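Me: I would like to know what stands behind the terms used for this model. Please take them one at a time.

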Amino acid sequence: MLNRRHIRIKVMQGLYAFKGSESDDFSKDQKFLLFSIENIQNLYLLMLSLLIEVQKRAASDIVKKQQKHLATKEDKDPNRKFVNNQVLSILCESEALRDALENRKIDNWELDSEYVDVIFKAITSSSLYKDYMKTRTSDFKEDKDFIVDVFKEIVAPNEKLYDYIEDKNLTWLDDLPIVNTTILKLLRKVKPSGSGQHFTPKLYKDIDDKQFAIELFRKTLLNRTSLNTEIEGKTKNWDTDRIANVDYILLQMAICEVNHFSSIPVKVTINEYLEISKEYSTPKSSIFINGILDKLVKEYEATGKLQKVGRGLL
């Protein structure tokens, strides 16, 4: 689910929150960093389970209409196409997904059911839904395309849902794009014979990614004095107070990565931090950071300080 860029973002946030020095014990801060990353799975399950709850809400709505005292012909014989959507059925019947929800105690929609109603009403009032419900039957492709479109155009951008997530956990706002992207990818990949197993992806691609998060956090903190000296040497004409805190942290991380992660290409490191700066810092930050890193890398190359393993790592 996670990519290296998002891991770098989480480390950046952890370093931004850290108030000690490189000599302090930061084991609690490292533990919180890993907890923050692990919590992304809860957000993923929360968003995915919303589709399950909407399906339940649709089924409940049909039952209520059938039980009305003056039920219409349409109430008695409703179009069950949405309720019987094959992709929603796979989600609802997935044992792996059910176990994950139970293990992580994801029961938000039982307590905050009004948000299920918000999404249900947004779906049923949409042109997507009206077009989909013009017929009573569908093949798997139509069902899948409909759910993909619903999630992309109605669920993911819903402002009330966005506010709810912000209230529950502030750091989730940064995680929401990667979670929504993951859900869309998995929805597009689902097959008619699927068991729903692939809807419980691993958080880290492999153990190396988790270790990368830990090492980047630790090595940046442990080398802060030398990293700051490097930065100050290339910003003599800059008033330190004028350098954005985020820029300083991104430079620390980038220089640490260039010097202490021999298997990561320099170009990859620089490009990653430039992209992060565009999203999290000032409009001119990427130009500033690129200038500093370019000078340092050229200096490392000239003095033979740059040690990278493998081809094409410069």
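Reply: Helices are DSSP runs of H or I with at least four residues, and strands are runs of E with at least two, numbered from the N terminus. By that count the protein has 16 helices and zero strands. This is a predicted model, where local features need pLDDT of at least 70, side-chain atom pairs count only at pLDDT 80 or more, and totals for chains, interfaces and linings use all residues. Residues are numbered from 1 along each chain as its sequence is written, and side-chain values use heavy atoms, without hydrogens and water.

Me: What makes a residue buried?

Reply: A relative accessible area under 20%, with a 1.4 Å probe and protein chains only. Buried residues make up 48% of the 314.

Me: What share of the contacts between residues at least 6 apart in sequence joins residues at least 24 apart?

Reply: Contact means heavy atoms within 4.5 Å. Of those contacts, 82% join residues at least 24 apart.

Me: Which classes make up the lining of the largest pocket?

Reply: Ala, Val, Leu, Ile, Met, Phe, Trp, Tyr, Cys and Pro count as nonpolar, Asp, Glu, Lys and Arg as charged, and the others, Gly among them, as polar. The lining therefore divides into eight nonpolar, two polar and four charged residues.

How values were computed. Buried < 20%, exposed > 50% of the residue type's maximum accessible area, 1.4 Å probe, protein only.
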